[in-house]
Amino acid sequence: MSYQVLARKWRPRNFHELVGQEHVVRALTNALDRQRLHHAFLFTGTRGVGKTTIARIFAKSLNCETGISSTPCGVCGACQEIDAGRFMDLIEVDAASRTKVEDTRDLLENVQYAPSRGRFKVYLIDEVHMLSTHSFNALLKTLEEPPPHVKFLLATTDPQKLPVTILSRCLQFSLKRLPVALIVGQLARVLDAEGIAYEAAALRLLARAGDGSMRDALSLLDQAIAFGSGQIEVAAVGAMLGSIERRRVIGLLEALAAADVPAVLAQVAALDEQAPDYAVVLAELLILLQRVALAQMAPATVADEAEFDPDELRRLATLLPAEDVQLFYQIALLGRRDLPLAPEPRGGFEMVLLRMLCFRPDSGDERNQSARAPAPVPVARPVAVTAASAPVAAPRPVSPVVMDATPETVWHVLVAQLALPGIAGQVAKNCALLTRDGGHFELALEPGHKQMLTDSVKERLRSALEQHLGTPVQLKFQIGAAVLTPARQEAHQQARQQQAAAERAAADPHVREMQNVFDARIVSVQPLDDGER
């Protein structure tokens, strides 16, 4: 007996065996059990999600010798012939190979005749969007008023190409891409039934490579069985798919977090020895960054993580600021799109990684930081450090105490001197200092920025203040309209500078002369920084 591929051997024979697509199954079973049957059904979705399989099960339900129901017996002559693909009253057509109008007319000539064996004559037209305009016109009249013994089952991967006149005459069911976990479960059931040993991590690789298609995943499983000599192991499946070890991707992200260019290039050199597909490497990096972002923003979700060690994700979440993770993800996403345009794959991949380091929110350039550093902050009161305080970094030099400084002034200058990048800096600028008692700060945050106040942002702000003041710091936030935040002060200052610049421009004799000569008017004025004058 010849070997039957897994995708065909394990094709569902009834609705109960179907994996996923519960929304479609529910609608069809209710229609069958209640005998409310439309004459035309359209199944849409990407490849391998079950369009033609559902259509065949539906045809079997219509023609089962035990009667119309959602549970065909599977043993009668009609059911067995449909499973074998030789039932006379199930006419399957590949529209991609029969696009001419003559083919469609020949097909429809027999519509008027009663079925030979079954209860209904069923026309299953696959990839129906490939029909020509004339073919659609030939089909339209029959589809609108078919004989009572005819049912049309249409399947397509591109419903946008169907005329609206066809769409309006069909009940449309959109099949979803299958999630990785569901595909993994089905692959495991198949292998258990086949008596083949496997590693769970290898099945996840196959499921992800299936890209939402159960058929593609089963075809890859067939290939993996042959590649691994009857065993499904991570190393063999990774080699077959051209994927890389997760440990290497983690090492790459660690080097990026440390902004260590030599280490990043060394990681790329080690990867290159395996001749990887760099688009796949970027995909793996994107998956890891997404998991790290979840560990930062929703730590509880990583407890059930199956692909990565939760402790490893939590460790990586502490190495990278949240804004860096988001920036790396966006750069990797765009880099994967542009990678085919690079003259050499490795060079294009290296440029993506270097771009991550060049455009980090905090470049770590001490010379630039010192050049931009504002004047020392005036402190409202002396800072007391108790014997029980935890050791902290040595304090930066600060100016003498200014006893009459207002909380707004103290916080404004503190924020300017901290020069925090990214989200933490935005939160700090949109806070106002309500009270301060030594290292205890009570801050009011503008309501429009409360979604930015995550635990990671609080920790970055607290740590920056501790390093600056040289004492343990505790922060307490409340959400409410702040009287005068640094952001508002900067906005007021910019408005004053803009107004002053506009007044100077209007009073300038040269400008007034140009207005008179050319009948000109001032549209906008941009004040110059002190360094530009």
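**The whole chain**

Start with everything selected. Of the 533 residues of the protein chain, 44% count as buried, where buried means under 20% relative accessible area, exposed over 50%, and partly exposed in between (1.4 Å probe, protein chains only). What you see is a predicted model, in which local features need pLDDT of at least 70 and side-chain atom pairs count only at pLDDT 80 or more, while totals for chains, interfaces and linings use all residues. Residues are numbered from 1 along each chain as its sequence is written, and side-chain values use heavy atoms, leaving out hydrogens and water.

Now switch to a cartoon view. The protein chain has 23 helices and 8 strands; helices (H or I, at least four residues) and strands (E, at least two) are DSSP runs, numbered from the N terminus. Switch to a surface, and the chain exposes about 28300 Å², with carbon and sulfur atoms supplying 53% of it. These areas come from the Shrake-Rupley method with a 1.4 Å probe, and for residues only the protein chains shown count as cover.

Next, colour by pLDDT, the predictor's confidence in each residue, from 0 to 100. The mean for the protein chain is 84, and 89% of its residues reach 70 or more. Select residues 363–404 to find a stretch where the pLDDT is below 50; beyond near neighbours in sequence, this stretch has 55 contacts in the model. A contact means heavy atoms within 4.5 Å. Among contacts in the protein chain between residues at least 6 apart in sequence, 73% join residues at least 24 apart.

**The sheet of five strands**

In what order do the 5 strands of the open sheet with parallel pairing lie? The order is β2-β3-β4-β1-β5. Select β2 (90–94) and β5 (171–174): they stand at the edges, each with a single partner strand, so one side of each is left without a neighbour in the sheet. The twist averages 15 degrees from one strand to the next. For such angles, axes are lines fitted to C-alpha atoms (for helices over the stretch in contact), and angles run from 0 to 180 degrees between N-to-C directions.

Zoom in on β4 (residues 150–156). Since 7 of the 7 residues of β4 are buried, the strand is largely enclosed by the rest of the structure. Show the side chains: Val150, Phe152, Leu154 and Thr156 point one way, and Lys151, Leu153 and Ala155 the other way. In a regular strand the side chains alternate between the two faces of the sheet.

Two strands pair if DSSP finds at least two bridges between them. β3 pairs with β4 in the parallel sense over 5 bridges; here Tyr123 has Phe152 as its bridge partner, and Val122 stands opposite Lys151. Strand β1 (residues 40–44) also pairs with β4 in the parallel sense over 5 bridges, with Leu153 as the bridge partner of Phe41.

**A buried histidine**

Select His129, in the loop between β3 (121–126) and α6 (133–144). Is His129 buried or exposed? His129 is buried, with a relative accessible area of 10%. Leaving aside neighbours within four places in sequence, the contacts of His129 are Phe136, Thr156, Thr157, Asp158, Lys161 and Leu162.

**Helix α11**

Move on to helix α11 (residues 234–241), whose buried residues are Ala236, Val237, Gly238 and Met240. These residues pack against α9 (200–210) and α10 (214–227). Just after α11, Gly242 takes a positive phi of about 75 degrees.

Rings of Phe, Tyr and Trp (its six-membered ring) pair if their centres lie within 6.5 Å; planes under 30 degrees apart count as stacked, over 60 as edge-to-face and the rest as tilted. By this rule there are 6 aromatic pairs. Select Trp411 and Phe441, a tilted pair at 6.2 Å centre to centre with 55 degrees between the planes. Trp411 is in helix α19 (residues 407–418) and Phe441 in strand β7 (residues 440–445), 30 residues apart. Trp411 and Phe441 are both buried. For a cluster linked by ring pairs, select Phe41, Phe43, Phe58 and Phe173.

Finish at the open sheet of 3 strands, β6-β7-β8, where the pairing is mixed. The edge strands β6 (431–437) and β8 (474–479) each pair on one side only. β7 and β8 pair in the parallel sense over 6 bridges, and the bridge partner of Phe441 in β8 is Leu475.
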